[in-house]
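Dear colleague,

Please find below the sequence and the structure that I am handing over to you.

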There are 2 protein chains.
Amino acid sequence: MVRRQLNGAAAPPDPARMFDTVEFRDAYRISYLTNAIVVPTYEAIRRDFGIIRAEYVLLLCLAHFPVLTARDVSRITRMPRNSLSRAVHRMLAEGYLDRSPDPSDGRQARLTLSPRGRGLHEQIVARLVKRQEEILAPLNVKERRQLDRLLGALHE
Amino acid sequence: MVRRQLNGAAAPPDPARMFDTVEFRDAYRISYLTNAIVVPTYEAIRRDFGIIRAEYVLLLCLAHFPVLTARDVSRITRMPRNSLSRAVHRMLAEGYLDRSPDPSDGRQARLTLSPRGRGLHEQIVARLVKRQEEILAPLNVKERRQLDRLLGALHE
DNA sequence: AGAATATAGTTCCATATGGAACAAGACTGC
DNA sequence: GCAGTCTTGTTCCATATGGAACTATATTCT
């Protein structure tokens with residue numbers, strides 16, 4: 001079974017070669033990591049757990065801060081308010097969330113995870129920890145510390 | 001001007017604290033970098049140059065490989081074929097692209113950048129190089145080499 | 001050669017996404 | 001106290017996105 005060249009005139013494009021010639025290699029690498037790893041991971045979560053990105057983001061934030069408003073989550077994650085509004089309603093309907101009006105401010109509502117939501121979060125975390133392990137597999141312990149430090153520095 | 005606490009009972013959520021407690025910190029950091037940097041950059045390109053992600057991806061690939069088929073671009077970037085089909089048509093209509101049927105295979109078409117497309121690419125590259133410079137500003141030269149090496153290793 | 005299979009590109013459709021406008025509640029300064 | 005302004009959460013809408021089916025061409029196998 002002969003593998004044809006991908007196009008007649010030029011050499012078959014080796015995706016890796018992009019990294020050698022692109023003018024903003026590190027940004028391109030981060031973007032590539034995203035498309036190759038982060039996006040498919042969101043996709044897998046959607047497929048296996050039935051929640052979309054905004055819902056997952058909500059879950060993650062509430063698992064780390066016991067009580068938040070939708071606006072808080074928006075600020076933490078930079079996700080638009082309307083996407084989070086939808087997410088809150090769907091998570092409420094699924095029983096992953098509890099919501100109670102803030103007595104001191106009639107506009108906002110205090111959100112917390114229900115036990116069911118906490119269970120879902122634990123499942124997803126297990127999945128993501130495993131996925132991160134696969135991603136970082138090429139690095140040894142010292143290199144992982146370096147990467148962690150460098151990524152941390154990028155957040156200022 | 002007093003800044004109110006973001007919610008009544010708990011401490012105001014410090015987004016950075018997520019990095020301390022999340023169970024998959026590095027994956028989260030990469031994802032966060034994406035949402036905070038890569039996505040807004042795509043957004044700025046869309047706003048300022050009027051092209052969307054698939055179109056930008058097409059432009060970038062063709063700037064680095066002189067002639068490709070749409071399928072090649074799909075393989076390089078892992079972007080679905082139909083998104084690229086749309087992108088090709090819009091870039092053709094805008095005059096950024098040339099397309100000629102492959103004489104040896106009636107199914108595929110050979111794509112190349114027009115001079116206009118090359119000009120657009122140069123503008124966008126200048127923008128992205130500047131943006132990367134801002135992103136990497138917190139790192140010194142040695143740290144940048146380290147980061148580059150580590151990100152490279154992650155691609156196996 | 002002809003049937004079965006594979007591939008490139010396209011179209012159709014369902015859904016995710018975010019901007020903008022809006023309503024209700026809260027704050028500001030006079 | 002109240003007019004003007006700001007903030008939260010919501011709805012409406014336009015668009016980006018990708019899965020799946022489809023057409024036309026190419027390849028493989030007998």
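Predicted model: local features only at pLDDT ≥ 70, side-chain atom pairs only at ≥ 80, totals over all residues.

**The interface between chain A and chain B**

The contact between the protein chains involves 69 residues of chain B and 69 residues of chain A. The size of an interface is often given as the accessible area lost when the parts come together. Here, about 6,600 Å² is buried between chain B and chain A, and carbon and sulfur atoms give 63% of that area. B:Phe24, B:Leu154 and B:His155 together supply 10% of what chain B buries against chain A, more than any other three residues.

Between chain B and chain A there are 6 salt bridges. One of them pairs B:Arg29 with A:Asp148, with 3.1 Å between the closest N and O atoms. The count of residue pairs in polar contact between chain B and chain A, both residues being at pLDDT 80 or more, is 14.

On the side of chain B that touches chain A, two or more residues come from each of helix 1 (17–21), helix 2 (25–49), helix 3 (53–64), helix 4, helix 6 (115–136) and helix 7 (141–154) of chain B. Helix 2 of chain B gives the most, with 14 residues. By class, this side of chain B has 36 nonpolar, 15 polar and 18 charged residues.

**DNA strand C**

DNA strand C is surrounded by 22 residues, of which the closest are A:Asn82, A:Gly106, B:Arg71, B:Asn82 and B:Ser85. By class, the surface near DNA strand C has 4 nonpolar, 8 polar and 10 charged residues. At least two residues of this surface come from each of helix 5 (81–93) of chain A, helix 4 (70–77) of chain B and helix 5 (81–94) of chain B. The largest share, 4 residues, belongs to helix 5 of chain B.

Of the atoms of DNA strand C within 4 Å of the protein, 62% are sugar or phosphate atoms, and the rest belong to bases. In chain B, a polar side-chain atom of B:Arg107 lies 3.0 Å from a base oxygen of DNA strand C.

**DNA strand D**

Around DNA strand D there are 22 residues, and A:Arg71, A:Ser85, B:Asn82, B:Gly106 and B:Arg107 come nearest. Sugar and phosphate account for 66% of the atoms of DNA strand D that come within 4 Å of the protein. The surface near DNA strand D is made up of 4 nonpolar, 8 polar and 10 charged residues. Helix 4 (70–77) and helix 5 of chain A, with helix 5 of chain B, each supply at least two residues of this surface. Helix 5 of chain A gives the most, with 4 residues.

- A backbone N or O atom of A:Arg71 is 2.7 Å from a phosphate oxygen of DNA strand D.
- A polar backbone atom of B:Gly106 is 2.5 Å from a phosphate oxygen of DNA strand D.
- A polar side-chain atom of B:Ser83 is 3.4 Å from a phosphate oxygen of DNA strand D.

**Individual residues**

A:Glu55 is located in helix 3 (residues 53–64) of chain A. A:Glu55 counts as buried because its relative accessibility is 2%. The side chains of A:Glu55 and A:Arg90 are joined by a polar contact of 3.0 Å. Leaving aside residues up to four places away in sequence, A:Glu55 touches A:Gly50, A:Ala87, A:Arg90 and A:Met91.

Most residues other than glycine have a negative phi. A:Arg78, which is not a glycine, has a positive phi near 60°. A:Arg78 sits in the loop between helix 4 and helix 5 of chain A, and its relative accessible area of 56% makes it exposed. In chain B, B:Arg78 also has a positive phi, of about 60°. B:Arg78 is in the loop between helix 4 and helix 5 of chain B and is exposed, with a relative accessible area of 57%.

With kind regards

Terms used: Residues numbered from 1 in each chain as written. Chains lettered and ligands numbered in written order. Heavy atoms only, no water. Near = heavy atom within 4 Å. Polar contact = N/O pair within 3.5 Å; in protein donor to acceptor, adjacent residues only side chain to side chain. Nonpolar A, V, L, I, M, F, W, Y, C, P; charged D, E, K, R; others polar. Contact = heavy atoms within 4.5 Å. Buried area = accessible area lost by both parts, 1.4 Å probe. Salt bridge = Lys/Arg side-chain N within 4 Å of Asp/Glu carboxyl O. Buried < 20%, exposed > 50% of the residue type's maximum accessible area, 1.4 Å probe, protein only.
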